[in-house]
Amino acid sequence: MPDEKMLDRIVNEVSKKHDVSSDLVRKMTALEQGKLHLERRRGITRDLRALLQEELDSKKAKAE
Amino acid sequence: MSIEIKEIALHNWLVYRGDVKLQFGSLEVGRNLWIVHGLNGSGKTSLLRAIQWVFRNGRQADRFFDGPSLHNRDAVRTGDLMLSVSARFSHRGRDCVITRIQTAVQRGEKLTVLREDLRLIIDGRDETEAADEKLANILPWDCQQFAFFDGLEIQAYAQRQHSKETREAIELILGIPEVRNLRDDLNKLSYELSKERDDVLADKDVYQKLLAEKETYEIDKSTWEKRIKEQQEKLNALELMVVELRRQAAELEQNEERIKDLQSKEKLASELSETLKNLKDKQQRLTTRAALHLLRPILSMRYHVLEDEDSKAVSVEHRNVENAARRALLEKTIDEARCALCEQEISRAVLSRLEAKFHRIPAAGDGVVEQVLPSSHRRNLMVDLSRILKGLDDETEDPKGVHLLRLEKEQRLEEVEQDIAKLKDMLREHAHADISSVFRTLSAKEVEKADVGHEFDRLQNQLNDTNKKLFQLDKDLTRLLAETEGHAELEKEIEYFHRLQECIDEVVEQFIQERRAAIEAHLNRVFRNVTNKKEEYERVALLEDFSLRVVTKAGNQIEPERLSAGEKEVLAFSFIAGLNLASDNPAPLVMDTPFGHLDVQHRNGLLAALPTLPSQVILLATDRDIPEEERRRFERNIVGEFELDRIQTEERTTIHTI
């Protein structure tokens, strides 16, 4: 289990630098939590893409 | 605290016949120690094994658990062939109960396991179906080696290189794989998005041109990657070789020190032998003179008698001389019948009186004179006695003190002789080693390693350049989407995704670095408090593969194998404590024979460090591990204690709460 506070701080710093949503990065890291390297959940890329599209939709909605 | 054991229940497990329970109370800050006291063979290790067994991943082979029977032999004799271990624990505030049950069947002398079942209840809900997976998420099997361990085996973590499995387990505790997995999964997603884009653009000429260019770079990329991998393997092999050669060179250099040490130890041994010889002589002398010491009052009395006699004898002798002179004078006067002074004749009557007087004077050889020793004999005797008495007075040495000094010197000589034997053995090992040849090879390998390193860097730069070009080409390809009707959304998505990917790469790298820094800081804090070489050791360096090096104040790195067994244990414990402190999900520490080879100072340092850990600590200890006075010193940190009582006639251990 990653150190939540440490990860949260790093995510905030780095996502700002790359102009991406820290919430999206956080949601993506949360999706990976509890899954071990040997026992990966199927469909994870699909879930990650859904999160990405959700973020883009929300950005689009805000822009409109 | 993330995981806290509340209760362990055993049924027919090894030495525990029937049902046996250990109930642990709640912990508080600074009060996290539980001590299970037991003599050797009373069942401490069986308890450790029970905890390891119940938390194990059943699919993983294990020499101990899959080996000899885990069933209590008494129970087997009575036909009870079912054993179980159950642990109730809290995990992130949830109440969990895990039970592992094994049923066996007896065929002749042999006991065969029929089935093994695992049951898991979380907050009253039956989670048995996914028990293995859930348990692995709570406390992964690979991580258990850092939680439940034997103090005598702990030094395994203070070795030059960790195995791949150990490295992975450490990363797991630090939560690195979960973050790294995201990067890998995004790479997969990147492939899917590129494929989607390529399907859209497939019939465009510009796309085909860019794609051809991209394919050339892809070939370059794979060439660079292949060559980098080769160079990396070479570099790793050379690194191992250089480390080994450095170790040999240091060993040979140390031999010169050893020779000096041997010479000084041999000199010391010879001095000690000489001192011992003198002490033995002295002891012999003291033994032979012991009778004289006992006779001292008699000898002293005899001396005084002689002294007294001597003073009397002086006057007797003086009288004898006088008498002799008088007799001589009277004899001459009588013989000559004439006065010796005036030479006048002496009358007969006077002569008669003189004759009578002559006979009254005692002659030499009779009377008083006969009763005294001859003066020379007496004087000689007095001189001898005086010398003996003075000698006895001068002997201030205490025979007991001489004996103790002899024992001390004998022990020291034995130690020095052992050191000499060890040094000779070590020197014999390298008797045929050629120091200059080792240094020549080392130097050549270091040059080779530097060359391979340069080549590695050059290839890495080439790969980076190629990656940049590929990245640019990818961007150009994506930009083509904008010009393709109806696919602007996909272009935006890919563009955003690229930024996201770069962001995640950086997050992963930074996270790994900070996790390493955190564990290094924690382990150093523990190490500084526990080590008994605070003046000599500066810090502990945590290497890329999580192996450890002690760095001296002079800046030299000491490889773990050059540390003593006790120091390795301190280093390994500091590492485990550091991991525990750096973990967001610390597991309880269950330590059997917790202080292995540690000396008293190290043991006390370690005991002082345990209450600072953020987890429950269960010590399975003998009376030697925690003597009563030490236990009292840490009483405020102890939550509870148990005592194991082995009933030898029944091959059975019971547990009492103290």
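Let's start with helix α8 of chain B, residues 348-360. It has 13 residues and reaches 19 Å from its first C-alpha to its last, close to the 18 Å expected at 1.5 Å a residue. That expected span is 1.5 Å times one less than the number of residues. Helices here are DSSP runs of H or I with at least four residues, strands are runs of E with at least two, and both are numbered from the N terminus.

A word on the source. This is a predicted model, where local features need pLDDT of at least 70, side-chain atom pairs count only at pLDDT 80 or more, and totals for chains, interfaces and linings use all residues. Residues are numbered from 1 along each chain as its sequence is written, chains are lettered from A and ligands numbered from 1 in the order in which they are written, and side-chain values use heavy atoms, leaving out hydrogens and water.

Back to α8(B). Which of its residues are buried? B:L351, B:L354 and B:F358 are. They cover an arc of only 60° around the axis, so they sit on the same side of α8(B). The arc is taken from the directions from the helix axis to the C-beta atoms. In general, an α-helix has 3.6 residues a turn, so residues three or four places apart point the same way. On the other side of α8(B), B:R353, B:H359 and B:R360 are exposed. Buried means under 20% relative accessible area, exposed means over 50%, and partly exposed is in between, with a 1.4 Å probe and protein chains only.

Now helix α1 of chain B, residues 44-55. It has twelve residues and reaches 17 Å, close to the 16 Å expected. Ten of the twelve are buried, so α1(B) is largely enclosed by the rest of the structure. Among them are B:L47, B:L48, B:W53 and B:F55. B:K44 is also one of the buried residues.

Chain B as a whole. It holds 16 helices and 15 strands. Of its 658 residues, 44% are buried. Take the contacts, meaning heavy atoms within 4.5 Å, with a separation of 6 or more: 72% of them join residues 24 or more positions apart.

On to open space. A pocket is found on a 1 Å grid over the protein atoms alone, as an open set of points with protein on both sides within 12 Å along at least five of seven lines; a cavity is a set where a 1.4 Å probe fits but cannot get out; lining residues have an atom within 4 Å of a point. Points are joined across faces, edges and corners, and a volume is the space filled by probe spheres set on them.

The second largest pocket has about 1,100 Å³ of space. Its lining has 28 residues, and B:K221, B:E225, B:L463, B:N467 and B:D505 lie nearest its centre. Helices α5, α6, α12 and α13 of chain B each supply at least two lining residues.

Also in α13 of chain B is B:H498. B:H498 counts as buried, at 8% relative accessibility. Leaving aside residues up to four places away in sequence, B:H498 touches B:F471, B:D474 and B:T478.

How many cavities of 30 Å³ or more are there? Three. The largest cavity has a volume of about 40 Å³. Helix α14 of chain B gives the largest share of its lining, three residues.

Last, backbone angles. Most residues other than glycine have a negative phi. A:D19 has a positive phi, near 55°. A:D19 lies in the loop between α1 and α2 of chain A, and is exposed at 54%.
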